[in-house]
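This report describes selected features of one protein model. Please consult the sequence and structure shown below while reading.

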Amino acid sequence: MNTPLKIGIIGGTGALGSGLAARWAKAGRYVVIGSRRIESAQATCESIVAGAIEGRDNEAPRVSYGLNVDVARDADVIVVTVPFDQQEKTLASIREFVQGKIVIDTTVPLLPPKVGTVNVPESGAAAVSAKCILGEDVKVFSAFHNVAADKLQSLEELDCDVLVFGDDKDDRPVVISLVEDAGMRGFYGGGLRNSIAAEALTSVLITINRQLKCQTGIRLVGMH
Ligand SMILES: NC(=O)c1ccc[n+]([C@@H]2O[C@H](COP(=O)([O-])OP(=O)(O)OC[C@H]3O[C@@H](n4cnc5c(N)ncnc54)[C@H](OP(=O)(O)O)[C@@H]3O)[C@@H](O)[C@H]2O)c1
C-alpha cells in the first residue's frame with residue numbers, strides 16, 4: 001500500500017487552516033497542524049480529532065501537530081494559511097524545507113481595515129509573491145481564496161467552487177483532489193499570475209457579504 005500523503009498546514013490553528021484540516025481529517029487524509037507554538041498546534045489537533053471521529057466507523061483520524069518548520073520539513077504537501085502581512089516572513093522561514101514539494105498558498109492580499117477594497121501586491125498577486133520567495137524548485141499553487149472559513153469549519157455540505165492556480169501542470173490533479181476532499185469542486189484557473197482574479201474577488205465577496213449579512217462563495221455554471 002502507498003504511504004498516504006502528509007498534508008502540513010502552516011498556520012493550521014487559524015480560521016482557514018483549521019477548517020481545511022477538519023475536512024481533510026474527516027475525509028481520511030493525513031493532516032499535520034503547524035503553529036508557532038506547540039501548545040496551540042496540539043489544542044487544534046485535539047479538537048480536530050474529536051470532530052473527525054464522528055462518522056468514521058472507528059477508523060482513527062490521522063491528525064498530528066508540530067512547529068511550522070518541523071511540519072514543513074515532514075509533510076509532502078504544504079498548505080500556507082497565514083495573514084497577508086505574515087506571508088513573506090512565514091514563507092521565508094520554511095523555504096529550505098519545502099524545496100521540490102507542492103506548496104498551496106491561500107493568501108488574499110487584504111489590507112485591513114479596508115478589506116472590501118481590492119489590493120494588488122507589487123508582484124501582481126500574492127501567489128506570485130509566494131513563488132518569488134520560495135524559488136523555482138517549489139511547485140507553488142494557490143487556492144481557497146473565496147471560501148469562508150466558518151463554512152469550512154461547520155463541516156456542513158458546501159455549495160461553492162474553488163479556483164486553483166499554478167504553473168506546474170503535472171501536480172494539478174493532486175491539488176484538485178485536495179479541494180474535492182474538502183467537499184468542493186476545484187477548477188484550474190490558469191497560472192499563478194491569474195491568481196489575482198480570485199484574490200481580488202474575495203474583497204468583492206466581502207463587500208456583498210456585508211450588504212446581505214451572509215457568507216457568499218462562487219459557483220461556476222454552464223458546465224453542460
Ligand atoms: N478566513 C477566511 O475565511 C479565509 C478565506 C480565504 C482565504 N483566507 C486567507 O487565508 C489566510 C489565513 O486566514 P485566517 O483567517 O485563517 O487567518 P488567522 O486565523 O488570522 O491566522 C492564521 C494563523 O496564522 C498564524 N499567525 C498569526 N499571526 C502571525 C504572525 N504574526 N506570525 C506568524 N504567524 C501568524 C497563527 O498561527 P499560530 O499563532 O498558531 O502560529 C494563526 O492561527 C489569509 O491569508 C487569508 O487571506 C482566509
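Which elements are included in what covers the buried residues of α4?

## Helix α4 and its cover

The model is a predicted one. Among the elements that cover the buried residues of α4 are β1 (6–10), α3 (68–74), β4 (77–80) and α5 (126–134).

Within helix α4, which spans residues 84–94, the buried positions are Gln 87, Thr 90, Leu 91 and Ile 94. These residues lie on the same side of α4, because they cover an arc of only 100° around the axis. Asp 85, Lys 89 and Ala 92 are exposed, and they sit on the face of α4 turned away from its buried side.

## Ligand surroundings

The ligand is surrounded by 25 residues, of which Gly 11, Gly 14, Ser 35, Val 108 and Ala 149 are the closest. Two or more residues of this shell come from each of the elements α1 (15–26) and α4. By class, 11 residues of the shell are nonpolar, 12 are polar and 2 are charged.

## Nonpolar core

In soluble globular proteins, nonpolar side chains tend to be buried together. The largest nonpolar core here has 61 residues, and Ala 21, Ile 78 and Val 103 have the most contacts inside it. Beyond its neighbours within four places in sequence, Val 103 has contacts that include Ile 78, Val 80, Ala 130 and Leu 134.

## Helix α7

Helix α7 (residues 172–181) has Val 175, Leu 178 and Val 179 buried. The buried residues of α7 fall within an arc of 100° when seen down the axis, so they line one face of the helix. Their cover includes β5 (102–105), β6 (139–142), β7 (161–166) and β8 (185–188). Just after α7, Gly 183 adopts a positive phi of about 95°.

Methods: Residues numbered from 1 in each chain as written. Predicted model: local features only at pLDDT ≥ 70, side-chain atom pairs only at ≥ 80, totals over all residues. Buried ≥ 20, exposed ≤ 12 C-beta atoms within 10 Å, placed from the backbone. Helix = DSSP H or I, 4+ residues; strand = E, 2+ residues; numbered from the N terminus. Arc of directions from axis to C-beta. Contact = placed C-beta atoms within 7 Å. Near = placed C-beta within 6 Å. Nonpolar A, V, L, I, M, F, W, Y, C, P; charged D, E, K, R; others polar. Core = buried A, V, L, I, M, F, W, Y, C linked by C-beta atoms within 7 Å.
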